[in-house]
Amino acid sequence: MMVTFGAFTSHQHTGAKKAVDLARKIRGEKSKTRETAPPMSAQQRRVMELKRFSVQLQNVHPNVLAKHLHRSVLYQDKDVVIVNKPYGVPVADDSNVTSITSVLPVLSKMMDGMKMKSDSQLIPCLGLEKDSTGTLLLARRDEVVEHVLALNRNNKVERKYWVITVGVPVPSEGLIDIPIIEREVTGPQPHYKMALSPLYRLNDEGDGVTKVRSHRQAHPAVTKYRVLDSSSGCSLVELQPFTGAKHQMRVHMAFALGCPILGDHKYSHWSKLAPQKLPERVLGKLGIEQSKVRHLPLHLHARQLTLPGSSQADVNVSCPLPKYFTQTLGRLHITLPDEKQT
């Protein structure tokens with residue numbers, strides 16, 4: 001018995017030696033690759049940085065997203081929960097990536113202390129676009145959803161967004177009241193986009209406007225805007241939508257004011273699908289080449305949410321900016337309002 005065992009030992013020793021030699025060889029090849037690999041250019045580092053800040057929570061395990069949302073709860077009471085929505089994660093179910101809706105049962109359990117028999121639930125109330133960040137309102141019951149939607153219809157819910165725009169809006173504050181309609185863009189890449197559908201057009205002489213019949217499919221769209229600061233040909237603008245037309249703020253900034261939101265690759269052009277074209281000066285400040293602009297995330301952040309309280313004080317929640325947003329502000333030398341006052 002002992003002899004047989006001893007015979008195996010020598011084979012094991014040979015196998016172990018081979019494994020050690022192989023590991024050394026792989027380590028040697030890896031270090032050689034590190035030595036021969038060209039150093040990353042500033043451009044490559046910048047793209048890596050943008051990806052790190054914007055892609056980190058896409059395609060993650062549902063539990064990872066639920067844990068992140070649990071850590072980013074901004075406010076909670078018996079009726080609602082407000083979380084800081086991360087970039088690039090859809091609220092509603094999306095076949096390509098994990099959605100916020102799909103992990104709400106797990107988040108609800110986490111907030112309930114992981115009780116086995118937890119009947120609490122969370123339901124999205126006022127959604128956010130996939131590429132928006134910031135305050136996302138979740139209700140704990142169906143009747144709360146109905147109550148919030150009724151408040152919203154009567155303009156009792158105040159939502160303020162911060163965006164960085166390419167260009168400086170003139171005048172520096174105002175109200176955009178132009179309906180929006182979905183139109184087909186024909187050409188080599190046919191696609192659909194939301195577009196302005198104004199009720200007035202210039203008359204034939206060009207010295208006045210003529211009222212036209214509104215299109216039946218047009219959605220009312222009203223957005224209040226205010227420039228908070230501008231520098232390097234870009235601006236930090238506060239937006240307050242009074243209606244909920246699809247892509248309303250993006251369309252109003254790009255087509256009504258001619259100042260598209262930074263990273264809005266859909267509405268920076270009308271006739272084509274292509275990355276946003278940025279001025280040389282802005283590219284220089286952002287440290288990126290035009291060929292890499294597609295990696296710039298949409299700079300549209302739900303900054304503040306105010307809900308009227310029924311029996312208590314109003315719920316007023318402000319949401320911190322994502323890292324890529326604050327970094328862009330720094331690169332463009334744009335100052336935040338609270339920093340201006342100090």
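User: D264: buried or exposed?
Analyst: D264 is buried, at 0% relative accessibility. Here buried means under 20% relative accessible area, exposed means over 50%, and partly exposed lies in between (1.4 Å probe, protein chains only).

User: What is the mean pLDDT of the protein?
Analyst: The mean is 86, and 85% of the residues reach 70 or more. Over residues 1-8, however, the pLDDT is below 50, and this stretch has zero contacts (heavy atoms within 4.5 Å) beyond near neighbours in sequence. Where pLDDT is low, the predicted coordinates should not be read in detail.

User: Back to D264. Which side chain does it meet in a salt bridge?
Analyst: D264 meets R250, with 2.8 Å from N to O. R250 lies in helix α6 (residues 248-256) and D264 in the loop between α6 and α7 (280-286), so the pair ties together parts that are 14 residues apart in sequence. A salt bridge is a side-chain nitrogen of Lys or Arg within 4 Å of a carboxyl oxygen of Asp or Glu. Helices (H or I, at least four residues) and strands (E, at least two) are DSSP runs, numbered from the N terminus.

User: And R250: buried or exposed?
Analyst: R250 is buried, with a relative accessible area of 10%.

User: How many salt bridges does the structure hold?
Analyst: The structure holds nine. Among them is the one between E143 and R141, whose closest N and O atoms are 3.4 Å apart. E143 is partly exposed at 48% relative accessibility, and R141 is partly exposed with a relative accessible area of 31%. K78, D79, R141 and E143 are linked in a network of salt bridges. K160 and E158 form a further salt bridge, at 3.8 Å between the closest N and O atoms.

User: New topic. How many disulfides does the count come to?
Analyst: The count comes to zero, a disulfide being a pair of cysteine sulfur atoms within 2.5 Å. C234 is in no disulfide, and the nearest cysteine sulfur, that of C259, is 9.4 Å away. C259 is likewise in no disulfide. Both cysteines are buried: C234 has a relative accessible area of 0%, and C259 has one of 4%.

User: Now strand β13. Why is it largely enclosed by the rest of the structure?
Analyst: Seven of the eight residues of β13 (residues 300-307) are buried, so the strand is largely enclosed.

User: In which sense do β4 and β13 pair?
Analyst: β4 (residues 133-139) and β13 pair in the parallel sense over two bridges, with G134 opposite A302 in β13. Strands pair if DSSP finds at least two bridges between them. With β5 (residues 158-166) the sense is antiparallel, over six bridges, and W162 stands opposite H301. β13 and β14 (residues 315-318) also pair in the antiparallel sense, over four bridges, where Q304 faces S318.

User: Which residues of helix α4 are buried?
Analyst: In α4 (residues 100-111), the buried residues are I100, V103, L104, L107, S108, M110 and M111. Seen down the axis of α4, they fall within an arc of 165°, so they line one face of the helix. The arc is that of the directions from the helix axis to the C-beta atoms. These residues pack against α3 (62-71), β1 (73-76), β2 (80-85), β3 (123-126) and β4. Just after α4, G113 takes a positive phi of about 75°.

User: What is the phi of N155?
Analyst: N155 has a positive phi of about 55° although it is not a glycine. N155 lies in the loop between α5 (142-153) and β5, and it is partly exposed at 45% relative accessibility. H333 also has a positive phi, of about 60°, without being a glycine. H333 is in the loop between α8 (323-332) and α9 (337-341) and is exposed, with a relative accessible area of 53%.

User: Last one: what is the omega of the peptide bond from V170 to P171?
Analyst: The omega is near -5°, and the bond is cis. P171 is in the loop between β5 and β6 (173-177).

Technical notes:
Residues numbered from 1 in each chain as written. Predicted model: local features only at pLDDT ≥ 70, side-chain atom pairs only at ≥ 80, totals over all residues. Heavy atoms only, no water. pLDDT = per-residue confidence, 0-100.
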